[in-house]
Amino acid sequence: MGLLGAEAAMALGDPPADYASIAAVGLFVALMCVCIIVGHLLEENRWMNESITALFIGLGTGAVILFASSGKHSRVLQFSEDLFFIYLLPPIIFNAGFQVKKKQFFRNFITITLFGAVGTLISFTVISLGTLGLVSRLNIGALELGDYLALGAIFSATDSVCTLQVLSQDETPFLYSLVFGEGVVNDATSVVLFNAIQNFDLGNISGAKLLNFIGSFLYLFGTSTILGVASGLLSAYIIKKLYFGRHSTDREVSIMMLMAYLSYMLAELLDLSGILTVFFCGIVMSHYTWHNVTESSRVTTKHAFATLSFIAETFLFLYVGMDALDIEKWKIVSQTYSPVKSIALSSTILALVLVSRAAFVFPLSFLSNLTKKTPNGKISFRQQVIVWWAGLMRGAVSIALAYNKFTRSGHTQQPSNAIMITSTISVVFFSTIVFGLLTKPLIRLLIPPRHLSREASALSEPSSPKSFFEQLAANSPGLPDLENSISLHRPTSLRLLLVSPARSVHYYWRKFDNSFMRPVFGGRGFVPFVPGSPTESSVPLLPGNEN
């Protein structure tokens, strides 16, 4: 027994074999705790935000590791596109769709799509042509046409994560919906463009192949959106029919999380855009599925999705900060190129980012304003400047695509590839820190705080006489039927569509939603009462009360 006991004790005391992995994970967990504490202390700072804080902490940690390892390395984890695209990006994008104010988002959907899709294509064209004409003159190495096009896709990807931390959905709802929506569509467009370039035969370009490329691009957008909507509706139907909450709220929360993640993985398996799929899955889940679960599950899922997104964002910026000092890439660049050439390359790319952003924000804003009938729906010049500035930041998507193009398993020995990686890191750092620091003061300068509430009220749904009397009658049951006692002019459907298309589309969508969708898939006010299930009444709320 003594021998067996000793063997058992030794077995229990055997340490895991991989100390490096445990140390790396432990370090990142400790650093994320530090980021949360420091971010909380700097909450009221007019310059700093959590992404910049994480970047600085990662940079400082990388410098310490570099010094402790005698200049051998500055990071404890190897960069992996799989880690980024499979594990970190899905919770960020899903939470963005889950928490978005849907009415504000879809009211500006045309403008968002115009900026996110058409604008990204314009930015891609400007950066690709600019690098082809300017970077080729720096003689940094043998770059092919595919490399210049890849650079266009890499630096067309804005950093929606950092932008969402800079703007406030409550203070500037219109700006937030534009920049946020454009950021999500932009990320999806950039990734789809990058993958299409990788698979496109650039040696034999023809008109038919170009049309096929455009058709494939539109197909990816459409099918990715449909898959996200279908996944969200399936989750809503399953939870509504099975009433998981009668027995376990844990099952409700689990099925919501797993089906959201499953939608992203299905899109990736089908070579679609996982970003668009999981984003629209989040919107549909917040509209239907979330109202089908118990009250405790609603609180849990809302905070769980936000927490996962926050942790993923913090991890990303921490890693970007640490990876910036990776000595392998910088040694190759310093041995091959002069510092002037490295600075010239980064400056050229940064200038192209500034120009390409302006090349579509201001012209497309002008076109968008032509379609608006009321001044409140138009994008003012000050707002255009803020949209242009807030989208200048580049982040983890650009770095992930650059690593995918110019490295193999995170390593490269080719100088021209190494300088592309270091230039990408330099542009990401400069844009995130400098532009990120100046975004808050810029918003306060262009839109003073006294105008923020005015903007929110101006962009809210205008109240009609009918809606006013509806709410008054609802709050005062003893009053007579005011709608019948007061003669109200009712415009025809065609006139309503021409005068106020956004309100008209929303009105008809709500009728369709209440008549066909919610009775099948559930949602606010359409869930029957059973013990342990959602406890809302079966009376649907007024359309104006929902996000």
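Predicted model: local features only at pLDDT ≥ 70, side-chain atom pairs only at ≥ 80, totals over all residues.
The protein chain contains 23 helices and zero strands. Of its 547 residues, 48% count as buried. The protein chain exposes about 26,100 Å², and carbon and sulfur atoms account for 67% of this area. Among contacts between residues at least 6 apart in sequence, 83% join residues at least 24 apart.

A search of the whole structure returned four salt bridges. One of them joins R357 to E182, with 2.5 Å between the closest N and O atoms. This pair connects distant parts of the chain, since R357 belongs to helix α15 and E182 to helix α9 (residues 173-199), and 175 residues separate the two. R357 and E182 are both buried.

A further salt bridge is formed by the side chains of R298 and E295, at an N to O distance of 3.1 Å. Here both partners lie in helix α13 (residues 295-323), three residues apart, or about one turn of the helix.

In general, side chains of opposite charge can pair when their charged atoms come close.

Aromatic side chains form 21 pairs in the structure. In the pair of Y237 and F521, the ring centres are 6.3 Å apart and the planes meet at 70°, so the arrangement is edge-to-face. Y237 is located in helix α10 and F521 in helix α23 (residues 501-521), so this pair ties together parts of the chain that are 284 residues apart in sequence. Y237 is partly exposed, its relative accessible area being 36%. F521, by contrast, is buried, with a value of 17%. Elsewhere, ring pairs link F105, F106, F109, Y176, F180, F279 and F280 into a cluster.

Helix α10, which spans residues 207-242, also contains S231. The relative accessibility of S231 is 9%, and the residue therefore counts as buried. Its side chain reaches the backbone oxygen of L227 at a distance of 2.9 Å. When neighbours within four places in sequence are left aside, S231 is in contact with M259, S263 and C281.

I379 is placed in the loop between α15 (339-370) and α16 (381-390). With a relative accessible area of 4%, I379 is buried. I379 and S368 are eleven residues apart in sequence, and their C-alpha atoms are 8.0 Å apart in space. S368 is also one of the contacts of I379 beyond the neighbours within four places in sequence. The remainder of that set comprises T111, F115, F174, L178, S365, N369 and Q384. Of these contacts, F174 and L178 fall within the residue range of helix α9, and T111 and F115 within that of helix α6 (residues 109-134).

Helix α6 (residues 109-134) also includes L132. At 37% relative accessibility, L132 counts as partly exposed. Together with L129, L145 and I205, L132 forms a nonpolar patch on the surface, and the accessible area of the four residues together is about 360 Å².

In summary, the model is helical without strands, and its pairs include links between sequence-distant helices, namely R357 with E182 and Y237 with F521.

How values were computed: Residues numbered from 1 in each chain as written. Heavy atoms only, no water. Helix = DSSP H or I, 4+ residues; strand = E, 2+ residues; numbered from the N terminus. Buried < 20%, exposed > 50% of the residue type's maximum accessible area, 1.4 Å probe, protein only. Polar contact = N/O pair within 3.5 Å; in protein donor to acceptor, adjacent residues only side chain to side chain. Contact = heavy atoms within 4.5 Å. Patch = residues over 30% accessible without salt bridge, like charges linked within 9 Å, V, L, I, M, F, W, Y side chains within 5 Å. Areas by Shrake-Rupley, 256 points an atom, 1.4 Å probe, with all protein chains shown as cover. Phe/Tyr/Trp six-rings, centres within 6.5 Å; stacked < 30°, edge-to-face > 60°.
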